[in-house]
Amino acid sequence: MLSSLMLRDGEVSSGGYTVDYGCGVRVLHGEKTGYAYSESTDMPSLLAAARAASAIAAGSGNGGFAKTAFGPAKPNYYPMQRDWRGADAAEFLPGLNKLEALIRAKDSRVMKVIALLGYSVSDILMYNSLDELTSDLRPMASMSVQVVFQSKGSVQTKSASRSFRMGVEFFTDELIKEVAEEATSGIDAMFEAKRPAGGQMSVVMGAGASGILLHEAMGHAFEADFNRKGQSVFADKMGKQICRKGINILDDGTLPFFRGSCNYDDEGVPGQKTYMVTDGVLTSYLHDRISARFYGVAPTGNGRRESFRYHPIPRMRSTYMENGADGTVEDLIKMAGSGIYVDEFANGEVKIGEGDFTFYVKSGYLIENGRLTMPVKDINIIGNGPQALADIEAVAGDLKVDPGRWTCGKGQSAPVSCGIPSVLIKNLTVGGGQ
């Protein structure tokens with residue numbers, strides 16, 4: 001079940017309710033994989049999907065998985081207090097109206113407010129030829145708002161979102177106030193921001209949303225399918241030091257209520273915490289069952305898919321770097337001396353093979369003489385994932401996993417979370433003015 005409600009300038013502009021239902025069948029035969037699905041679960045339809053998947057996978061070699069011992073039943077990382085399926089969309093309208101009223105009351109420059117509440121509940125049942133039967137009830141709730149501001153002929157746009165695996169208890173007054181505050185904070189700096197001179201310099205990435213760079217520029221390169229095919233820059237780096245000691249990077253399916261968490265992945269493997277980098281050393285890729293069999297290791301619970309219409313592939317869950325021991329973000333700014341401080345990135349591009357990335361800075365400041373000065377805009381951060389890892393000079397102790405509405409695309413979409421403590425990286429290229 002998937003439902004949404006959009007409020008535009010105080011009026012409901014759209015809403016929807018969808019029920020999606022079906023079954024996917026995957027067949028492995030040696031190195032070949034066949035996948036088919038049916039939008040009906042009667043026996044003839046299921047048999048037809050199974051035959052189609054078998055025909056696709058037909059070939060030589062031995063298929064299947066080795067039996068894996070997963071241990072006792074897992075805890076539920078996202079229990080619902082109240083199921084969305086028993087709620088009426090009309091009861092959420094006062095909250096959305098309150099969100100708009102709070103935003104308009106905070107800033108007279110507000111031109112337009114678009115608020116969206118979306119929620120879903122998925123019942124997932126998984127069975128395989130190892131006689132493993134698992135089920136998972138997955139709630140998801142998201143609230144986002146986009147605000148357009150105008151001042152002296154200039155227009156700025158700010159957005160904020162929250163998303164958790166929760167039931168109706170997600171939608172609280174506290175949440176509404178928090179989103180309204182984030183959507184209106186920092187607007188003065190956005191209007192005052194200027195484009196700085198570009199060049200190679202130190203960059204301090206703020207805690208939280210800056211973790212999207214960690215996700216895109218490094219996390220994808222740790223997914224096992226890219227490494228198995230030799231497409232990742234880390235394909236030959238297992239067991240090697242790839243960044244300074246003390247740095248730990250992990251992908252976690254066990255954070256309570258977070259968007260990227262999963263009791264079981266879409267192959268029935270229990271959610272778990274996987275350290276990809278331990279004390280600066282590459283110690284694990286992110287595996288589904290297929291890549292785990294290839295590497296001769298246990299699956300890490302990263303076999304994920306968008307829906308029953310897609311086959312599982314290695315995907316991230318909640319990806320973040322653990323706290324460091326280098327003080328506060330203010331300490332890192334002083335340590336940098338000069339450069340750029342970034343607390344939020346927007347669109348980015350990454351080449352998995354080469355590791356090269358470009359990210360647009362949504363919010364940031366110039367660092368001069370060890371302190372923040374001018375707010376900046378219209379700049380890109382350009383670098384290389386492995387080199388950026390190696391160039392991390394300091395990691396603060398202020399880890400934040402961002403609670404926003406993050407979605408990862410890899411041929412199919414998957415909800416994820418990302419986070420990072422404040423970090424200082426030397427020698428990144430900042431594309432700015434002259």
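Colleague: Which residue in E7 stands opposite methionine 143?

Modeller: Arginine 162 stands opposite methionine 143. Keep in mind that this is a predicted model.

Colleague: How many bridges pair E6 and E7, and in which sense?

Modeller: Eleven bridges, antiparallel. The hairpin of E6 and E7 has two residues between the strands. Lysine 152 takes a positive phi there, near 50 degrees.

Colleague: And which strand is joined to E6 by 17 bridges?

Modeller: That is strand E5, residues 110-127. E5 and E6 run antiparallel. To place yourself, take serine 120: its bridge partner in E6 is methionine 140.

Colleague: How many residues lie between the strands in the hairpin of E5 and E6?

Modeller: Five. Aspartate 131 in that hairpin has a positive phi near 65 degrees.

Colleague: Is E6 mostly covered or mostly open?

Modeller: Mostly covered. Of its 19 residues, 14 are buried.

Colleague: Switching to helices. What does H3 pack against?

Modeller: The buried residues of H3 pack against strand E6 (133-151), strand E7 (154-164), helix H2 (93-106) and helix H4 (187-192).

Colleague: Which residues of H3 are buried?

Modeller: Leu175, Ile176, Val179, Ala180, Ala183 and Thr184. They span an arc of only 150 degrees around the axis, so they sit on the same side of H3.

Colleague: Why do residues three or four places apart point the same way in an α-helix?

Modeller: Because an α-helix has 3.6 residues a turn.

Colleague: What length does H3 reach?

Modeller: H3 covers residues 173-184, twelve residues, and reaches 17 Å from its first C-alpha to its last. That is close to the 16 Å expected at 1.5 Å a residue. Just after H3, glycine 186 has a positive phi of about 75 degrees.

Colleague: Now the open sheet. What is the strand order?

Modeller: E11-E10-E9-E14-E23-E20, six strands with mixed pairing. The edge strands are E11 (281-282) and E20 (400-401), each pairing on one side only.

Colleague: How do E14 and E23 run?

Modeller: Parallel, joined by three bridges. The strands are residues 318-321 and residues 417-420. Tyrosine 320 has glycine 419 in E23 as its bridge partner.

Colleague: Where does serine 261 lie?

Modeller: In the loop between strand E9 (249-252) and strand E10 (273-278).

Colleague: Buried or exposed?

Modeller: Serine 261 counts as buried, because its relative accessibility is 0%. Leaving out residues up to four places away in sequence, serine 261 touches Tyr78, Arg165, Gly253, Thr254, Leu255 and Ser318.

Colleague: What separates the C-alpha atoms of serine 261 and threonine 328?

Modeller: 28 Å, with the two residues 67 apart along the chain.

Colleague: Back near the start of the numbering. How many residues lie between E3 and E4 in their hairpin?

Modeller: Two, and glycine 30 in the turn has a positive phi of about 65 degrees. Seven bridges join E3 (residues 23-29) to E4 (residues 32-38), and the strands run antiparallel. Leucine 28 has threonine 33 in E4 as its bridge partner.

Colleague: Last topic, the whole chain. How many helices and strands?

Modeller: Nine helices and 24 strands.

Colleague: What share of the contacts with a separation of 6 or more comes from residues 24 or more positions apart?

Modeller: 72%.

Key
Residues numbered from 1 in each chain as written. Predicted model: local features only at pLDDT ≥ 70, side-chain atom pairs only at ≥ 80, totals over all residues. Heavy atoms only, no water. Helix = DSSP H or I, 4+ residues; strand = E, 2+ residues; numbered from the N terminus. Expected span 1.5 Å × (residues − 1). Buried < 20%, exposed > 50% of the residue type's maximum accessible area, 1.4 Å probe, protein only. Arc of directions from axis to C-beta. Contact = heavy atoms within 4.5 Å. Pairing = 2+ DSSP bridges.
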